[in-house]
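Thank you all for making time this morning.

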2 protein chains.
Amino acid sequence: MNQDYIKPDNWSIIEEGFDREQVKSSESLFSIGNGAMGQRANFEENYTGETFQGSYIAGIYYPDKTKVGWWKNGYPKYFAKVLNAPNWIGIDIEINGENFDLNTCTEVSNYRRELNMKEGWYHRSFHATLKNGTEVAVDVRRFLSLDLDEVGVINYEITPLNKDAKIIYKPYIDAGVTNEDANWDEKFWEPLDVKKSGNEAFVTAQTFKTHFKVTTFMQNTIFAKGEKQNLSPISVDTKSDKILFYYDVIVAKGEKSGIQKIGGYTVSLNHEDTILAAENVIKTALAKGYNQLLQDQIDAWAKIWEMSDITIDGDVKAQQGIRFNIFQLNQTYLGKDSRLNIGPKGFTGEKYGGSTYWDTEAYCIPFYMATKDQQVARNLLTYRYNQLDKAIENAKDNLGFTNGAALYPMVTMNGEECHNEWEITHEEIHRNGAIAFAIYNYYRFTGDYSYIPEKGLEVLIGIARFWHQRASFSKNKNQYMILGVTGPNEYENNINNNFYTNYIAKWCIDYAAEQIQKVSLEYPSDHKRIIEKVKLSDAELQEWNKVAGNMYFPRSEEMGIYLQQDGFLDKDLVRVKDLDRSQRPINQKWSWDRVLRSPYIKQADVLQCFYFFEDHFSKEELERNFDFYESFTVHESSLSPCVHSIQAALLDKMDMAYAFYLRTSRLDLDDYNKEVEEGCHITSMAGTWMSIVEGFGGMRVKNDALHFSPKIPKEWGGYSFKINFRNQIVKISVNHQETKLSLEGTQELTVFVNGTAVLVQPNN
Amino acid sequence: MNQDYIKPDNWSIIEEGFDREQVKSSESLFSIGNGAMGQRANFEENYTGETFQGSYIAGIYYPDKTKVGWWKNGYPKYFAKVLNAPNWIGIDIEINGENFDLNTCTEVSNYRRELNMKEGWYHRSFHATLKNGTEVAVDVRRFLSLDLDEVGVINYEITPLNKDAKIIYKPYIDAGVTNEDANWDEKFWEPLDVKKSGNEAFVTAQTFKTHFKVTTFMQNTIFAKGEKQNLSPISVDTKSDKILFYYDVIVAKGEKSGIQKIGGYTVSLNHEDTILAAENVIKTALAKGYNQLLQDQIDAWAKIWEMSDITIDGDVKAQQGIRFNIFQLNQTYLGKDSRLNIGPKGFTGEKYGGSTYWDTEAYCIPFYMATKDQQVARNLLTYRYNQLDKAIENAKDNLGFTNGAALYPMVTMNGEECHNEWEITHEEIHRNGAIAFAIYNYYRFTGDYSYIPEKGLEVLIGIARFWHQRASFSKNKNQYMILGVTGPNEYENNINNNFYTNYIAKWCIDYAAEQIQKVSLEYPSDHKRIIEKVKLSDAELQEWNKVAGNMYFPRSEEMGIYLQQDGFLDKDLVRVKDLDRSQRPINQKWSWDRVLRSPYIKQADVLQCFYFFEDHFSKEELERNFDFYESFTVHESSLSPCVHSIQAALLDKMDMAYAFYLRTSRLDLDDYNKEVEEGCHITSMAGTWMSIVEGFGGMRVKNDALHFSPKIPKEWGGYSFKINFRNQIVKISVNHQETKLSLEGTQELTVFVNGTAVLVQPNN
């Protein structure tokens with residue numbers, strides 16, 4: 001925890017004071033992104049202190065050779081790493097002959113960073129005294145354009161405060177970058193070409209193995225005496241993977257000078273000629289100019305907030321928390337491109353590798369469905385459809401399945417599995433369930449059935465086939481079982497009959513069978529096309545049904561609860577509240593075997609099932625299971641508190657719901673787990689959004705209608721959010737007295753509040 | 001399988017014909033060792049074909065930095081690797097200006113290798129034609145002296161067959177060697193000093209981190225025209241880690257020339273001044289001379305065979321197999337030094353690292369007890385006693401145990417754990433049981449109780465404390481359980497209540513408590529010393545008793561069998577005989593998750609318990625469990641067939657017993673698993689010995705008496721073996737008609753044959 005470091009503010013993330021120990025954490029928190037690229041808040045000028053350099057381009061990855069201690073059959077050969085991309089933000093600076101470096105300055109004061117979430121820019125200002133005695137005021141603003149998403153802009157200003165200064169600005173592009181987590185210290189980038197022209201430069205490099213070609217570009221403009229200088233670089237350093245321009249200006253004491261750097265990437269995913277594309281995008285950006293680019297940025301973010309903002313009255317920290325979460329989600333993924341997905345660290349770090357986990361389907365899709373056009377969620381579904389062949393290949397070649405059974409990877413970039421830990425990679429197969437559930441959830445929310453006959457049904461069939469083959473028959477119990485799995489609770493490995501897994505497996509088969517039936521009736525030509533393609537017979541459907549119809553679910557009748565897995569009640573059931581605080585977090589304090597045999601739960605598991613299939617169970621059943629499992633849950637996954645918060649709210653345990661909400665919403669801002677320097681927990685941020693909307697707001701979609709059951713934490717004066725429900729925007733405002741509904745749309749809409757139908761008239 | 005490659009012979013391992021594809025496998029099979037050092041059968045002359053170079057020194061290791069994919073708490077930082085030692089056998093040879101290299105010769109004929117197990121030497125001879133047309137006959141003999149165990153000898157002879165030849169012999173020592181399995185390509189050896197004097201040279205190097213200092217030495221004598229030449233090297237190449245001498249001789253066609261090279265190691269484990277020690281040992285060896293050294297070798301091996309030989313009539317392959325096993329065990333470990341142990345690959349390869357596994361206690365000790373003086377087995381027990389503190393440290397620091405609980409490592413060199421795979425390292429805890437069992441077994445066999453009050457009791461207490469803490473109470477079943485383990489069957493991971501583990505845990509606690517009682521009565525001062533040292537109270541003993549007295553054992557009453565673990569009967573129980581042959585070995589054909597959820601058993605597990613505690617169960621119980629588990633066992637561990645062979649013999653399933661025997665005894669010679677090039681399976685060779693002695697011979701020790709229940713496979717005419725029983729040598733010869741007993745000793749001895757007491761009179 002680092003609770004009071006970030007200043008509370010409704011719209012901005014603010015750091016005050018320069019603390020070397022905090023540089024890496026703040027680099028994560030002040031990260032910026034625009035869906036297509038992003039970067040940590042590394043300093044533009046050289047910094048010799050502790051820093052974690054990171055720039056990232058969506059969809060660009062490197063398959064790093066797998067590193068394991070002991071090879072197991074079925075491991076993938078490569079691990080697709082989020083790639084640290086060439087650096088375009090760098091501006092080395094020399095002031096009166098001294099390299100400007102905050103780490104070596106004799107004094108740094110008035111240091112302030114602000115990430116303005118409302119307008120989408122990052123700002124840093126301070127006074128610094130160099131070793132040579134020169135005192136300067138520095139003011140830097142940086143943003144990545146939402147409109148021109150290949151372009152970022154830096155405005156870097158220096159004012160000498162105590163004497164005149166000769167300032168040399170040395171903007172550069174550097175493709176000689178590495179990943180901190182490279183397995184074998186391999187080079188990931190191969191430089192191809194360095195080109196310059198006037199104040200523009202282009203470094204083209206391609207990734208080894210994957211051969212993504214990227215042109216990193218810059219264009220520089222120098223300002224002094226209040227106006228643009230028509231300067232060309234006085235000198236240029238060129239290496240095979242780097243180019244650096246020199247501009248010098250003499251600046252009088254008290255006078256401002258500066259450099260505006262336009263930079264970014266054009267990539268072969270989108271352009272045949274990346275250099276030409278870079279030249280064009282520079283032209284477009286220059287034509288707009290800095291001020292217009294900034295205004296466009298403010299407007300674009302206003303549009304995003306208009307739809308996705310959540311307001312909270314009377315609790316600045318809660319307000320700041322939810323906005324930070326919404327802001328980061330939008331920085332990471334805007335849904336324009338079905339080749340992209342939502343990496344667990346977004347553009348804030350390289351940890352975990354891969355871009356796609358089950359997080360997307362289990363946690364992120366609801367957020368994007370409700371705050372964006374439905375095409376965005378559909379793109380996320382299509383991403384999996386496009387990778388279906390790879391999922392079938394994975395099941396077949398790595399794991400020995402047949403007949404088109406599909407196992408989606410645990411972690412992926414291009415559809416290939418890239419995780420390598422048998423207990424996760426091979427056994428955390430429940431991920432397949434969330435992918436099917438998302439298809440159901442998409443249709444439930446949007447009412448857009450067309451996705452299923454077009455694409456979804458093939459995915460559902462591949463997944464159903466997997467579950468059918470993966471289950472085995474126990475003669476002993478005369479039921480089908482799923483042995484040797486890891487459930488969502490990763491603090492258990494290789495267990496038998498994980499309730500969540502068995503339940504969602506059965507559900508997947510049933511749902512696939514239902515959809516086959518429905519498509520055959522309503523979309524006969526799609527049905528014919530698909531059935532012929534996947535060669536599905538009635539006999540096979542009957543086999544599916546045998547498994548789904550006779551699935552075993554571990555349960556204690558006596559306690560009225562489902563068992564997380566076989567044997568759970570044999571554990572030494574000491575509750576978390578009775579566990580010595582010094583033993584936590586257990587994943588840092590205990591050896592792995594001890595974690596495994598303990599009863600402690602990393603994240604919602606049985607409760608995840610109750611979350612997905614809430615209407616399959618009674619509230620009393622939920623309460624019994626919640627009370628039991630919550631008492632053993634340590635929430636050492638960022639994905640855990642949100643589900644507990646939603647269910648606590650449903651069960652009128654509002655203090656608990658609020659505590660879980662705070663934990664999820666300020667996880668990174670308050671650095672709960674002392675690891676924010678590695679990057680932010682992007683995907684769990686969607687869970688924070690759910691905590692409010694589905695938890696406090698009680699939003700559900702049932703029978704094509706929106707339902708709310710609003711509750712409000714006593715700490716808040718009120719809160720509001722909007723939901724894009726089938727192209728009409730419903731706004732709900734809740735305070736301690738009342739719930740107000742309004743509608744931006746064209747048609748009246750019946751909404752249910754606490755079970756009562758309310759007719760809402762459109763505003764306009 | 002490579003069934004007919006090695007020629008059948010009663011006393012020798014013979015290869016005929018030069019096959020590049022077999023070089024690495026033969027390097028393993030023709031390995032030589034003398035307990036203190038050993039090496040693969042690498043060629044002396046340079047060989048540019050595929051080869052796996054390996055020389056090893058007992059007790060010398062390197063802690064290689066751990067390599068894992070995903071770090072888990074509790075993993076050790078280092079993995080102690082068997083170290084490839086400096087090469088002293090190398091002799092580069094130039095013949096008429098051409099480097100002599102079997103890989104580039106235009107013809108190789110009459111190629112023959114022999115490992116003469118009776119006399120303990122390795123011989124290689126062939127004719128080769130160099131590219132320059134020179135045809136030579138080569139004859140090389142090498143052995144590692146059992147008497148002077150720092151010394152090896154090579155006699156290398158060349159006879160030009162078709163023309164005169166100028167031959168340059170270039171004997172060398174090279175410390176610039178590496179391990180094939182180094183994790184990080186680190187250098188393991190730091191060269192310290194290179195010294196030469198006349199025909200002698202000394203390269204001193206020390207291991208990084210562990211700082212073992214080793215002087216590798218050589219002394220060379222050149223022979224030509226039938227006599228020793230008084231030659232000094234004409235030139236010397238010296239590098240920091242290598243020295244190479246040049247000797248040239250002109251040899252007439254048909255005339256023999258040669259080099260005798262004495263070489264080996266003196267190590268800081270045994271000498272303060274390793275160079276001085278090397279000079280001395282060279283003097284001693286030279287004083288004896290080649291012929292005497294060879295005669296001493298033959299005599300020393302005769303002494304070993306006199307005690308440990310097993311004869312088999314009418315089945316050359318079986319005879320060759322058992323002698324190969326006995327020979328290799330004696331090459332690996334002679335029991336002189338309690339700092340040493342029996343590595344799974346001995347001196348034949350570097351795989352697995354470490355030198356000590358539970359193999360020693362579970363499989364090797366019975367062989368050494370019965371074929372050597374009892375001090376040898378006692379040294380093996382003392383090895384663990386000396387590492388007790390490390391075992392306590394391991395349990396405490398890595399795994400969170402307290403109060404002197406000891407967990408011995410899975411793999412070790414110096415007592416520290418060096419294995420890093422959580423499912424093995426942290427969970428294969430049954431190893432602790434075998435270490436306690438060996439103490440019991442030693443006393444049962446030798447009658448030497450003194451070890452227990454002196455050393456063994458402390459080990460037993462540390463182990464009992466471990467089991468007491470490791471068990472947890474299940475309120476649900478009202479019994480103690482051991483959750484989250486891997487049993488001997490490593491094809492299951494993280495299972496609950498492995499029968500073998502639970503059983504031996506209970507036994508360990510009970511046995512420790514009994515021995516505390518016995519020592520208190522019979523050795524009160526030892527009792528006082530130990531109890532004070534380990535601070536053991538009566539209250540703690542009562543706590544132990546609660547756990548041992550109420551341990552849960554999974555069982556099917558209906559089937560009358562113990563369950564390998566909770567839930568075993570829920571598996572899809574397809575027997576091995578019904579499994580498609582193409583699916584085996586499953587550890588090569590299946591992904592790990594599939595192996596785990598299958599019912600297939602890598603090696604005896606429940607049956608291992610029946611093997612250790614045979615008299616705790618009825619024969620009917622054994623038969624039911626054997627019939628059930630044997631049908632699911634794939635024997636993909638080298639340690640499995642021997643236990644099955646012994647039990648099959650006991651159950652009068654002689655065909656099965658014989659088949660298992662052949663599999664274990666010729667595992668390496670016939671290269672069952674296509675992996676002998678990595679080295680031989682040394683520890684399982686003791687299991688082969690047990691298959692005959694305990695299996696066919698039915699040897700047991702009960703109530704201080706030897707028992708036999710001899711059976712004989714129909715394929716054999718007869719067999720015989722000897723047992724050193726409490727300093728009297730009992731020889732038993734079995735054929736289809738009768739069993740003969742004889743005794744080399746001083747006192748008559750009552751032995752039981754099929755339950756009937758037989759009084760055997762001494763021969764002499």
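I will begin with chain A by itself and then turn to how the two copies are arranged.

Please keep in mind throughout that this is a predicted model. If we look at the secondary structure of chain A, we find 19 helices together with 32 strands. The radius of gyration of this chain is 27 Å, which is close to the 27 Å that the globule rule gives for 764 residues, and so chain A is as compact as a globular protein of that length. Taken along the principal axes, its C-alpha atoms fill a box of roughly 85 × 60 × 60 Å.

As for the interior, buried residues account for 64% of the 764 residues in chain A. When we consider contacts between residues at least 6 apart in the sequence of this chain, 69% of them join residues that are at least 24 apart.

How, then, can chain B be laid on chain A? A turn of 180° with a shift of 0.0 Å along the axis does it, leaving an RMSD of 0.0 Å. The two copies are therefore related as by a two-fold rotation axis. The same surface serves both of them, since 100% of the contact residues of chain B recur in chain A. Among the residues of chain B, B:Val68 comes closest to the rotation axis, with its C-alpha at 2.4 Å.

Key:
Residues numbered from 1 in each chain as written. Chains lettered and ligands numbered in written order. Predicted model: local features only at pLDDT ≥ 70, side-chain atom pairs only at ≥ 80, totals over all residues. Heavy atoms only, no water. Helix = DSSP H or I, 4+ residues; strand = E, 2+ residues; numbered from the N terminus. Rg over C-alpha atoms; globule rule 2.2 N^0.38 Å. Buried < 20%, exposed > 50% of the residue type's maximum accessible area, 1.4 Å probe, protein only. Contact = heavy atoms within 4.5 Å. Least-squares fit on C-alpha atoms with pLDDT ≥ 70 in both.
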